[in-house]
Amino acid sequence: QTLVRLLATAPVSDAKQIISGLGSSNSTLLERLEDKIHGDEYKQYHKILNSLYFQSMKPKEAAIKMEGAKELPWSDPGFIEGYWKARFYYHDIEITDKGKIRFKYYFTYIILQGEEQQVELDPLEMVAVRFYAGESETGAKESEVKFMPAINFMALIAKQFRNEVGIVADVLITMSGIGAIASAPSKGKKVMGALQVAFGLTDVVIREFRGKIAQFDEGKDFLKYWDMVTALVAIYSIGQLVGNLPGIFKNLRGKYAALRGKAIKNLDDAELKSFEDSIEIFLKKGDDAVEKAKGTGTKGGKTVEHSPQGANKKILEREASWFDEVAKNATVNSGSDKLVLGHFSQDAVSYQKVAAHYKSTYFKINDWNAVTKGLSQDEIWRINRTFLTQQLKQGKQILFSHNPFKPRPNSFFEREVNFLRDLGYNFRQKNQWTWEAIK
């Protein structure tokens, strides 16, 4: 925040010197800033950087660079619109040892996919971005061309990556809910599976129309509450919300009612119907799950405790076989050749969502409270360590969603990093968002 504030208050006369300094030494400082600045500050930083970039040039110099600028296509429609609109996918972006921005991209349109192209640019090279669809991040309209330094374009790609991570996570949540419905032996579990499906589908729809909803104060209030719900689902699971925070569905309904009372004129009839149908189905499934939960969990007036994640009945002895079994049951996407580790949530990034994006193996204990009840931190770490050992034996590529050189002190991620380091692993940054362990 301090750095962003300093850049924002820098006098125009210093712009050329600042831009020159950022681009020196193979753009080392630009690369560090990309790694260190996150969230709202990241967006503000790139807006200020764009302003300083143009302030560092005379009009004639800027015009010459604009005329010779490399044109890059951009179209990143929402998940739903992407079925019938062209989309350009950018991936494998990195800042090379020589300080160049390198990335690949291709386009898709319905069932067609274009040939992949690779581009290498100087971070401060002028580029002309042609928007084939409107873009809220830059305020660009459809068919508009905007000029910017390549480092600003890198920020657009970062936004696309964050959106894709979220969408993939929603799809996986939805699919796991469908699987729960199909395999559920009881009506209660089927109800919970249906709620999980409804949640995943609703989040996809909200992502699609988020920009339009946010144009109203009631919309901003609704989105803030929805973001709280999604964060709680990610941390505790939707089943925990039903059992421990049943009022959350009622509160969400109130936020939705306030928004619905507002004429959402910027959504057409089809969009409005899609939004309203998904929310109402989700709220109805939430009510059903809450009602079902009220009538379960007891037998003869006593609470029934279910064996967590198939743990054997000798949980008190905590034999090695119990840790093996819990670790196996906590393995998601076990067939993948990649493993993602990291913090559960830090700087708006979760290792689970990054893993979902890469379709990688990751660690997740369902029913966390039930499984870890009565366990010490060392015993919980033993489950984690057993999981790691199981994955390492399979020779999987190890990726990190967070910087392994700076794990949060006393976190399980720090223990994972130290465990790997003790086994002889070294770490390096793979791209802007991920690191990897190597031997």
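This note goes through the salt bridges and aromatic pairs of a predicted model.

1. On the basis of the values: in this predicted model, local features need pLDDT of at least 70 and side-chain atom pairs count only at pLDDT 80 or more, while totals for chains, interfaces and linings use all residues. Residues are numbered from 1 along each chain as its sequence is written, and side-chain values use heavy atoms, with hydrogens and water left out.

2. The structure holds 13 salt bridges, a salt bridge being a side-chain nitrogen of Lys or Arg within 4 Å of a carboxyl oxygen of Asp or Glu. One of them joins R102 to E94, with the closest N and O atoms 3.2 Å apart, and E94, R102 and E120 are linked in a network of such bridges. R102 has 28% relative accessibility and E94 has 26%, so that each counts as partly exposed (buried is under 20% relative accessible area, exposed over 50%, and partly exposed in between, with a 1.4 Å probe and protein chains only).

3. D221 and K255 also meet through their side chains in a salt bridge, at 3.2 Å from N to O. Because D221 lies in helix α7 (residues 217–236) and K255 in helix α9 (residues 247–260), this pair ties together parts that are 34 residues apart in sequence; helices (H or I, at least four residues) and strands (E, at least two) are DSSP runs, numbered from the N terminus. D221 is partly exposed at 36% relative accessibility, as is K255 at 26%.

4. Within helix α10 (residues 269–294), D288 and K284 are four residues apart and thus separated by about one helical turn. Their salt bridge has its closest N and O atoms 3.0 Å apart; D288 is partly exposed at 29% relative accessibility, and K284 is partly exposed at 46%.

5. Turning to the rings, a search of the whole structure finds 23 aromatic pairs, where rings of Phe, Tyr and Trp (its six-membered ring) pair if their centres lie within 6.5 Å, and planes under 30 degrees apart count as stacked, over 60 as edge-to-face and the rest as tilted. Y89 and Y106 form a stacked pair, 5.5 Å centre to centre with 25° between the planes, and since Y89 lies in strand β2 (residues 87–95) and Y106 in strand β3 (residues 101–109), the pair ties together parts that are 17 residues apart in sequence.

6. The rings of F103 and F153 have centres 5.8 Å apart and planes at 45°, so this pair is tilted. The pair links distant parts of the chain, with F103 in strand β3 and F153 in helix α5 (residues 150–183), 50 residues apart.
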